[in-house]
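Subject: Structure handover, with notes

Dear colleague,

Please find the structure below, followed by notes on what was found in it. I would be glad if you read them with the model open beside you.

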Amino acid sequence: MHTRISHTVSHTVTRRGFAVRVLAGASLAAASLGLASPAMAQAFPSKPLTIVVPFSAGGTTDILARIVGQALSAELGQPVVIDNRAGAGGNIGASLAAKAPADGYTLFMGTVGTHAINATLYKKLPFDPIKDFAPLSRVANVPNVLVANPAQPYKTVTELIAYAKAHPGKVNYASSGSGSSIHLSGELFESMTKTGMVHIPYKGSAPAVNDLLANQVDIMFDNLPSAISHVRAGKLRAIAVTTTKRSEQLPQVPTIAESGVPGYEATSWFGLFAPAATPASVVARLNAAIVKVLNQSEVKKKIVEQGGDPHPEKPEQFAAFIQAESLKWGKVVRDSGASLD
């Protein structure tokens, strides 16, 4: 489906047919926080945890979940299972996590799509991104990068625009799904440049990148973590990044704004959530563990190497950020007239 935006603004197991990975625990967590329910906080966790990832394995959401999940396993003293539930722009996984028991054992790796875009983009949503979740902490902010298969004739934004206008309807761009930040990054570019490009949605970033590598699609506005290894290996050509500043990981790659599309900006973010009714003591325990691991030098290094910017914060800070993002992206989607069933 092609929607249009017109305004700027270790160990593998299988469960229920879905690939999951058990990230082995290393040490028992330290003392509990002694907050609202001391006994519950002290007992938690007493069994493995699951992080539901609403996109396929190999994409940025999955990469970040595995980095943090492995560190949380060591911090909490329990295995952490990554459960990939792709589909419907992240809505399938989000709905599953929202309805999970509110005991802290099922977490959700949410994104700007699931928690700031989809509520306006979709006519009917099987969950409420605000009411059905307890924010734990943002995990990372991530720039998107405009990449092309090296076989394509354009190497710069200017050349891409000229080629697309000379061949209307011939240039297509892949995304991790309709309504995702990757998709909207492309829609925003298309609307600002009037290039008439065609959107090709996939069920996650990984299958989209695979087709891009095979030259089955032309370009993609991918999250940097899932594209950077291919860029470094020369398998994909990085044309520009979507943020207002260049990425430290790809300093030679210009921004889209400085490449002839002034005012262009799109940034992705990722964060961990629990079901809304999770006890305050468990939320505090999980937040403390997440903040601790995100401040660990090895975890920070892994996230930065992937092109992300670690961003630990308190639940109330994350909640305020989500409210602001919901207003921002809601306006963009409404102004565009974009809508999905």
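Contact here means heavy atoms within 4.5 Å. This is a predicted model, in which local features need pLDDT of at least 70 and side-chain atom pairs count only at pLDDT 80 or more, while totals for chains, interfaces and linings use all residues. Residues are numbered from 1 along each chain as its sequence is written, and side-chain values use heavy atoms, with hydrogens and water left out.

I begin with helix 4. Helices (H or I, at least four residues) and strands (E, at least two) are DSSP runs, numbered from the N terminus. His-115 is found in helix 4 and, at 1% relative accessibility, counts as buried; buried means under 20% relative accessible area, exposed over 50%, and partly exposed in between, with a 1.4 Å probe and protein chains only. Leaving aside residues up to four places away in sequence, His-115 touches Phe-108, Gly-110, Pro-129, Phe-133, Trp-269, Phe-273, Ile-322 and Ser-326. Gly-113 also has its place in helix 4 and is buried, with a relative accessible area of 4%. The C-alpha atoms of Gly-113 and Ser-181 are separated by 5.8 Å, although the two residues are 68 residues apart along the chain.

Next come the strands. Six of the six residues of strand 5 (residues 106–111) are buried, so this strand is largely enclosed by the rest of the structure. Thr-106, Phe-108 and Gly-110 point one way from strand 5, whereas Leu-107, Met-109 and Thr-111 point the other way. Two strands are taken to pair if DSSP finds at least two bridges between them. Strand 5 runs parallel to strand 3 (residues 49–53), to which three bridges join it, and the bridge partner of Ile-51 in strand 5 is Leu-107. With strand 11 (residues 267–275), strand 5 runs antiparallel over four bridges, and Met-109 stands opposite Leu-272 there.

Strand 9 (residues 219–223) is mostly covered, five of its five residues being buried. Five bridges join strand 9 to strand 6 (residues 133–148) in the antiparallel sense, with Asn-223 as the bridge partner of Asn-144. Strand 7 (residues 172–175) pairs with strand 9 in the parallel sense over two bridges, and Ala-174 stands opposite Met-220.

Which residues have the most contacts inside the largest nonpolar core? They are Ile-51, Leu-72, Val-147 and Leu-272, in a core of 53 residues; such a core is a set of buried Ala, Val, Leu, Ile, Met, Phe, Trp, Tyr and Cys residues joined through side-chain atoms within 4.5 Å. Helix 2 gives the most to this core, with eight residues. A second, separate core of 22 residues includes Val-112, Phe-133, Phe-273 and Val-332.

Grid points are joined across faces, edges and corners, and a volume is the space filled by probe spheres set on the points. The largest cavity holds about 130 Å³, and of the 15 residues that line it, Phe-55, Thr-61, Ser-176, Ile-182 and Asn-223 are the closest to its centre. Helix 2 (60–76), helix 4 (112–121) and helix 6 (181–193) each supply at least two residues of the lining of this cavity.

The largest pocket has a volume of about 380 Å³ and is lined by 16 residues, with Pro-143, Arg-246, Ser-247, Gly-307 and Asp-309 nearest its centre. Strand 6 gives the most to the lining of this pocket, with three residues.

The peptide bond from Phe-44 to Pro-45 is cis, with omega near -5 degrees, and Pro-45 is found in the loop between helix 1 (38–43) and strand 3. Lys-194, in the loop between helix 6 and strand 8 (198–201), has a phi near 55 degrees, a positive value in a residue other than glycine, and is exposed, with a relative accessible area of 60%.

With best wishes

Notes
On a 1 Å grid over the protein atoms alone, a cavity is a set of points where a 1.4 Å probe fits but cannot get out, and a pocket is an open set with protein on both sides within 12 Å along at least five of seven lines; lining residues have an atom within 4 Å of a point.
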